[in-house]
Amino acid sequence: MTERPAASTADTASTGTTDSTTSGSGSAPAREPRPVRLRGALDAVPAYVAGKPAAATPGVTAYKISSNENPYPPLPSVLDVVREGAAQMNRYPDMGVSALTEALAQRLAVPAARIATGPGSVGVLGQIITALCDPGDEVVFAWRSFEAYPILVSLAGAAPVQVPLTSEARHDLDAMADAVTERTKVVLVCTPNNPTGPSVRTDELEAFLDRVPTDVLVVLDEAYLEFVTSEDAPDALAIHRARPNVAVLRTFSKAYGLAGLRVGYAVAHEPVAEALRKAAIPFGVNSLAQAAAIASLEAFDELQQRVDELVAERARVVAELTKQGWDIPDTDANFVWFGVGERAPEFAAACQAAGLTVRPYGTDGVRATIAEREANDRLLEVAAAFPRD
């Protein structure tokens with residue numbers, strides 16, 4: 001390779017400059033830097049606010065009751081399975097999540113082809129939005145409801161259509177049906193509703209579904225199903241079997257106590273379920289999560305005892321709050337809702353001062369998880385002392 005001769009002094013003098021393209025080691029001419037171009041849809045995406053960890057208070061046991069976690073430790077049988085599975089964590093998980101899919105199909109009495117799994121129910125919900133929504137499409141849901149709804153919808157470039165709850169903190173299904181347009185692709189029904197607690201009723205849900213076009217997917221989000229005791233709550237799987245445009249969304253994070261492992265699933269008719277599997281990230285459900293979920297299904301009788309205890313504690317807390325004069329919405333979940341409006345930050349601060357971390361929602365209200373009895377008793381003390389005038 002022949003070297004390029006250096007420019008002479010005379011050459012430089014005759015031009016009055018040097019060739020900037022040859023400076024350095026063949027580097028390009030200097031350019032004014034411009035910021036990387038991000039998606040415009042991000043401008044409409046609210047930040048997800050997770051429940052804060054319990055703050056330490058000198059001399060006081062702190063409790064985190066802000067994330068609706070199961071307060072009980074994992075079952076010993078489930079822990080054993082996870083420990084055994086950890087020895088194989090150098091291997092990729094089963095991408096089809098086959099063993100859990102089969103276990104769910106048998107337990108729920110649905111074809112395995114109708115099961116789609118993902119990293120928590122919120123992960124599966126992301127698959128639903130990805131599979132169904134193009135930019136400009138609409139997704140209808142109640143508000144307030146699960147905080148991730150507007151985030152996932154906006155990230156897809158779709159439009160979130162928020163329908164206010166009733167004065168009883170319930171879904172207004174008539175208004176939600178009115179909000180459905182030709183651009184609507186998905187309707188989300190959170191039952192029990194997070195963060196307020198009530199379930200939708202079977203008769204009102206059936207009437208609502210009769211009004212929704214059959215080419216619109218209705219997702220019944222049942223993250224808190226195991227805590228439901230209302231006699232008029234819907235049988236979501238029965239409704240799914242009868243209606244091809246109904247999908248059911250569930251999780252192992254709450255009653256099953258696997259929040260840290262992230263595994264959830266949807267039950268949908270075959271064309272939709274296949275689309276959800278296509279939209280899933282590869283290996284989204286890890287091996288330990290799958291093993292723990294299967295073991296939890298097998299140990300459901302033990303888990304049911306814990307659920308029953310939490311439901312009993314919920315009834316006790318609601319009864320005491322009602323005696324104090326609080327108007328607590330009917331709750332079928334493992335939490336209670338304080339509709340304190342603009343005083344939500346003040347109520348949350350009062351809880352924090354007592355060693356309780358709760359979940360405030362702007363100026364709408366505060367959600368508090370049913371947890372250990374000691375935490376629940378302290379919540380009752382704070383509520384009793386909080387001025388409501």
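How exposed is Glu309, given as a relative accessible area? Glu309 is partly exposed, because its relative accessible area is 44%, which falls between the cut-offs of 20% for buried and 50% for exposed. Please keep in mind, as you look around, that this is a predicted model.

## Starting point: Glu309

Glu309 sits in helix α11, which covers residues 300-323. From Glu309 to Ala353 there are 44 residues along the sequence, and the C-alpha atoms of the two are 27 Å apart in space.

## The seven-stranded sheet

Next, have a look at the strands. Seven of them make an open sheet, and their order is β2-β8-β7-β6-β5-β3-β4, with mixed pairing. At the edges are β2 (115-118) and β4 (159-164), each of which pairs on one side only. On average, and ignoring direction, neighbouring strands in this sheet are turned by 25° against each other. As background, strands of a sheet pair through backbone hydrogen bonds, and they do this either parallel or antiparallel.

Strand β5 (residues 184-190) runs parallel to β6, and five bridges join the two. Among the partners, Val186 is bridged to Leu217 of β6, and Leu188 is bridged to Val219 of β6.

## The three-stranded sheet

There is also an open sheet of three strands, in the order β9-β12-β11, with antiparallel pairing. Its edge strands are β9 (335-338) and β11 (359-361), and each of these pairs on one side only. From one strand to the next, the twist averages 20°.

One of the residues to look for is Val336, whose bridge partner in β12 is Ala368.

## Aromatic rings

Now to the ring-bearing side chains. The structure holds 14 aromatic pairs. In one of them, Phe252 and Tyr256 have ring centres 4.7 Å apart and planes at 50°, so this pair is tilted. Phe252 counts as buried because its relative accessibility is 0%, and Tyr256 also counts as buried, at 10%.

Phe347 and Phe386 make an edge-to-face pair, with 5.1 Å from centre to centre and 85° between the planes. Phe347 belongs to helix α12 (residues 344-353) and Phe386 to the segment after α13 (373-385), so the pair ties together parts that lie 39 residues apart in sequence. Both Phe347 and Phe386 are buried. Elsewhere, ring pairs link Phe141, Trp143, Phe146 and Tyr149 into a cluster.

## A nonpolar patch on the surface

Finally, turn to the outside. Val36, Leu38, Leu42 and Leu155 form a nonpolar patch on the surface, and together they have about 400 Å² of accessible area. Where is Leu38 found? Leu38 is in the loop between α1 (9-15) and β1 (63-64). Leu38 counts as exposed because its relative accessibility is 67%, and the cut-off for exposed is over 50%.

Note on methods:
Residues numbered from 1 in each chain as written. Predicted model: local features only at pLDDT ≥ 70, side-chain atom pairs only at ≥ 80, totals over all residues. Heavy atoms only, no water. Patch = residues over 30% accessible without salt bridge, like charges linked within 9 Å, V, L, I, M, F, W, Y side chains within 5 Å. Areas by Shrake-Rupley, 256 points an atom, 1.4 Å probe, with all protein chains shown as cover. Salt bridge = Lys/Arg side-chain N within 4 Å of Asp/Glu carboxyl O. Helix = DSSP H or I, 4+ residues; strand = E, 2+ residues; numbered from the N terminus. Buried < 20%, exposed > 50% of the residue type's maximum accessible area, 1.4 Å probe, protein only. Pairing = 2+ DSSP bridges. Axes fitted to C-alpha atoms, helices over the stretch in contact; angles between N-to-C directions. Phe/Tyr/Trp six-rings, centres within 6.5 Å; stacked < 30°, edge-to-face > 60°.
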